[in-house]
Amino acid sequence: MTISRSILGVLAAIAAAAAMIAVIAAARCQWARPPPEPLVLAVARSTFGGPLWVAQRQGFFAAEGLTATVRPYPTGKLALEAMLRGEAEVATVAETPLVLTSLAGIPFSVIANYASSTEHSLVARADRGIAAVTDLRGRRVGVAPGTSGQYFLHVLLSDEGLTEAELTVVPLPAAEQAAALAAGQVDAVAAFAPYSGQCRLALADNARSFSTGIRYTGYGNLVTRRDFPDRRPEATLRLLRAVDRTISWMRTHPDESLAIAAAGSGTDVATLRDGWGSLTPNLGLDQGFIVLLQAEARWAIAAQVAPGLAPGAALPDFRDFINAGALARLHPESVTIVGKP
Amino acid sequence: MTLRTRARLVALVSGLVFLVLLGLFLYAYRGKLQTQRDLALTESLGFAITQLRTALFGYLVHPQTEPSDQVRAQFRVLTHLLQRAAPVIDASIRDDDQTSYAWGAVRRLVGESEALFADLGGARTDPRLAERDARTVDLLLVDSHAMILFVSQIRYRAGARFLQASSREHLTLSVLLAGLAGLGLALFLVFERVILEPVQQLHKAAVRVAGGDLGLRLASRRRDEFGAMARAFDGMLDRLQETMVSRARLEAEIAERVRTEAALKASEASLRDAQRLASLGNWRWDLQTGEHTWSDEVFRLYNRDPRLGPAVYPHIRQYFTPASWERLAAAVERARTDGLPYECEAELVRPDGRPGWVVARGEATRDAAGTIVRLSGTVQEITASKLAEGQIQALNAGLELRVEQRTAELQAANRELESFAYAVSHDLRAPLRALIGFSQALVEDYGGRLDGEAHSFLDQIQGASRRMGELIDGILTLSRTTRGELRRDPVDLSTLAQELLAQRALAEPGRQVAWEVAPGLDALGDAPMLEVVMVNLIDNAWKYTARMPAATIRVYAEERAGELWYGVADNGAGFDMAYHARLFQPFQRLHRQDEFPGIGIGLATVQRIIHRHGGTIEAEGVPGGGATFRFTLPASGRRPESQCKATPS
């Protein structure tokens with residue numbers, strides 16, 4: 001029938017056009033695909049390191065055109081120091097080591113916050129009569145110096161009207177905290193996951209946990225050397241894209257994400273689970289981060305946390321340590337820092 | 001597919017296409033409405049958060065004068081708004097995890113901010129909590145800031161979705177309009193192909209048929225109403241063409257019939273003329289109905305008024321003499337009863353008394369069962385030929401009488417002539433013998449006293465006497481051929497010819513003559529006479545080949561037109577055919593005496609013997625090329641075979 005032939009003709013023309021468009025699109029994709037960029041990341045074995053382990057394990061780095069090498073470090077502070085030493089190009093680290101580094105006059109660039117967390121907790125020995133934060137007076141409290149655990153301890157104490165001077169703060173590397181607490185070398189430990197979990201496991205029923213809740217929210221950050229974003233803008237953008245994909249995937253695959261993060265941080269799922277539940281992955285650069293940096297800087301100066309800091313020293317302009325270029329290209333609505341163009 | 005089915009199909013497809021496109025458009029429009037609701041919600045939320053911040057800042061700047069109730073009231077407004085908008089929020093976050101996260105963050109921040117605000121003011125009672133309050137204020141500032149930013153994110157994404165939905169709506173609207181236009185075009189094309197084209201085709205065909213093109217056929221393969229109409233149209237044309245062809249055929253038949261009738265009339269006229277000129281009439285008698293039919297000529301032959309109609313058998317006897325009728329009636333009866341055809345002459349008795357003869361012919365016709373149903377025949381006048389026949393018979397009778405008389409006279413004269421010739425010849429021999437005898441005695445007895453000239457005279461007398469003797473012998477022979485009884489005996493001409501030629505060869509051994517005699521030349525005739533024939537013909541051949549170095553003589557027979565001809569041929573002097581008529585006349589010669597001696601009576605004798613046998617003789621010759629003589633002998637023997645034989649050297 002002639003109508004059938006007409007319809008068939010139209011359909012054939014549409015199919016041919018679609019096939020041509022598909023071929024052209026495929027060819028463009030193929031031709032437009034740039035060569036993969038190599039990237040070395042220093043990642044902490046903490047909950048903040050979790051998203052990066054997920055990205056590596058799920059192939060999001062490769063999918064975004066990165067040949068990523070992920071190197072693990074016990075804490076973000078160590079990862080930052082490794083990056084500054086040149087062992088890596090990007091580090092994952094919480095905000096406290098950044099504040100101390102900036103106060104030390106060492107330049108770097110935060111290209112994005114990718115998570116926030118209220119996971120920090122103080123694990124105390126009940127047998128030492130610690131039933132409340134105020135019971136810490138005169139006790140030995142272990143903390144990894146220069147980490148977010150140290151600032152957490154300050155928030156916890158000051159919220160209760162205490163100061164670090166009323167107790168004995170014992171410098172204790174994160175990896176050794178559980179053993180020291182269990183051995184009774186300290187009465188309590190201010191820690192972050194997964195070390196806080198290890199401490200609770202070590203004390204079992206003897207453990208008492210104290211948290212600041214929403215009153216202290218730490219930030220997980222992607223940090224590079226100062227010149228890196230301008231020198232490797234494509235790699236920076238690909239990294240953010242990969243992390244952005246990872247965060248989306250994690251919101252829909254929480255259990256798998258936890259398992260991957262536990263494997264990446266060298267611990268088990270049970271240990272990591274408490275801290276993991278407090279982690280909120282989200283890509284952004286917001287004003288709350290700057291406010292927190294400033295608060296921590298004021299504390300660091302007042303408490304003389306870092307050596308060589310003069311009392312009443314001026315706060316640095318933390319906006320100089322922010323490079324929002326790549327994130328502004330990816331998610332302009334997520335860059336909300338006041339006064340940062 | 002019929003037009004009705006096709007129309008239903010088109011309507012169904014059009015309806016489905018329209019519904020699908022409309023559904024797509026409504027879906028897009030619904031999406032746009034949804035995003036519009038999202039935008040309105042974010043606007044309200046943004047407004048409420050701004051109100052909260054204003055109240056919060058007022059309280060934080062002037063905690064002593066600004067009541068905290070306003071802030072708490074704004075928190076309640078915000079919380080109520082979020083609860084009331086929960087369905088809208090749920091709908092907007094369904095497929096967008098960033099928006100979902102933002103909504104979650106806003107809800108969380110509202111709750112956290114309210115809790116933080118509740119914690120505020122501890123420093124009023126305990127100065128050690130001043131840092132805590134300061135940090136709480138920081139958190140409140142940051143959280144409220146974050147709230148606004150998250151709402152901005154939500155608005156930003158809602159705006160993006162609104163733009164997408166609007167684009168989608170415009171696109172679907174365009175597709176809908178394009179689809180409607182396409183449907184219209186498709187409907188037009190369908191209308192054109194399914195209805196307009198066939199109608200135009202039918203119209204053109206009708207115009208051509210109206211113009212006389214009856215051979216046109218639509219031959220449509222369509223299965224719809226137009227196909228049926230086209231087939232009906234073709235059927236109508238078939239019948240119309242048949243009608244036209246039948247009419248043309250009818251007219252042609254009429255014209256043919258008119259021509260045939262004219263031809264028939266002409267033929268009948270010709271037949272009548274022919275019958276009249278030939279005096280030949282025909283008749284028919286239907287034995288079952290008794291009806292008689294005569295042609296005009298029959299009426300004329302019997303001199304009967306045509307208005308009376310044919311005379312019915314047996315009343316027709318009035319037109320025949322009793323004797324003729326008796327023969328004719330018997331023949332007619334045999335034809336009626338036995339179906340035997342007849343032809344008999346009959347003498348007429350005409351009312352005007354004119355004499356008349358006819359030949360009446362008749363034959364019977366049988367039906368399928370073999371019953372004789374009809375007699376038909378002709379009547380032809382033969383009066384003139386009958387009268388002429390009588391005259392011829394009378395003339396013949398007179399002629400025969402005269403011939404007999406003349407023959408008798410001729411025979412008497414011949415007899416007298418032959419008697420005279422015989423007597424003359426016979427009587428001439430005595431003085432001739434005396435002349436020869438006395439001249440011989442003169443030479444013998446007085447030869448010594450006679451001089452040379454006397455001797456010469458005597459030789460001439462003796463030569464002339466011998467020649468005269470030969471002449472007398474020839475005349476006697478010639479006369480004998482016409483006299484006496486002619487016998488019919490078997491004669492072997494081959495043997496006769498062989499003997500004669502052998503004798504000649506023996507007599508003249510110096511001659512080189514090759515002869516050929518066909519064996520078995522048997523003839524039936526008078527033996528002495530046939531011997532005379534063969535002696536004369538072979539003598540002539542022997543004589544006239546004397547000057548040929550390689551003489552040949554052939555005796556043979558051949559069959560021409562059913563007759564057997566005997567021939568004697570030679571390659572001798574021959575003769576001029578211009579003088580052919582003189583060959584067989586007595587004493588006529590075509591050659592000089594000194595060339596070939598002779599008395600000129602031989603061939604005349606031969607011709608007379610052949611004629612006496614009832615045969616024919618002919619001669620054929622060429623001067624210097626030989627001569628051939630052929631003759632026939634009625635009731636002769638068989639045809640011989642050729643055989644060659646050379647003369648002895």
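Biologist: What pLDDT does chain B average?

Modeller: This is a predicted model, and confidence is therefore read residue by residue, as pLDDT expresses it on a scale from 0 to 100. Chain B averages 85, with 97% of its residues scoring at least 70.

Biologist: Where in chain B is confidence lowest, and where is it highest?

Modeller: Strand β13 (residues 645-646) of chain B has the lowest confidence, at a mean of 37, while strand β12 (residues 626-632) of chain B has the highest, at 94. Over residues 637-649 of chain B the pLDDT falls below 50, although this stretch has 34 contacts in the model beyond near neighbours in sequence. For the model, ipTM is 0.81 and pTM is 0.53.

Biologist: How many helices and strands does chain B have?

Modeller: Chain B has 13 helices and 13 strands. Of its 649 residues, 26% count as buried. Among the contacts in chain B with a separation of 6 or more, 65% are between residues 24 or more positions apart.

Biologist: Turning to chain A, what is the strand order of the open sheet of seven strands?

Modeller: The order is β2-β1-β3-β10-β4-β11-β12 in chain A, and the pairing is mixed. Strands β2 (66-73) and β12 (335-336) of chain A each have a single partner strand, so one side of each has no neighbour in the sheet.

Biologist: How many bridges join strand β3 of chain A to strand β10 of chain A?

Modeller: Five bridges join β3 (residues 90-94) to β10 (residues 218-224) of chain A, and the two strands run antiparallel. A:Ala94, for example, has A:Gly220 in β10(A) as its bridge partner.

Methods. Residues numbered from 1 in each chain as written. Chains lettered and ligands numbered in written order. Predicted model: local features only at pLDDT ≥ 70, side-chain atom pairs only at ≥ 80, totals over all residues. pLDDT = per-residue confidence, 0-100. Helix = DSSP H or I, 4+ residues; strand = E, 2+ residues; numbered from the N terminus. Contact = placed C-beta atoms within 7 Å. Buried ≥ 20, exposed ≤ 12 C-beta atoms within 10 Å, placed from the backbone. Pairing = 2+ DSSP bridges.
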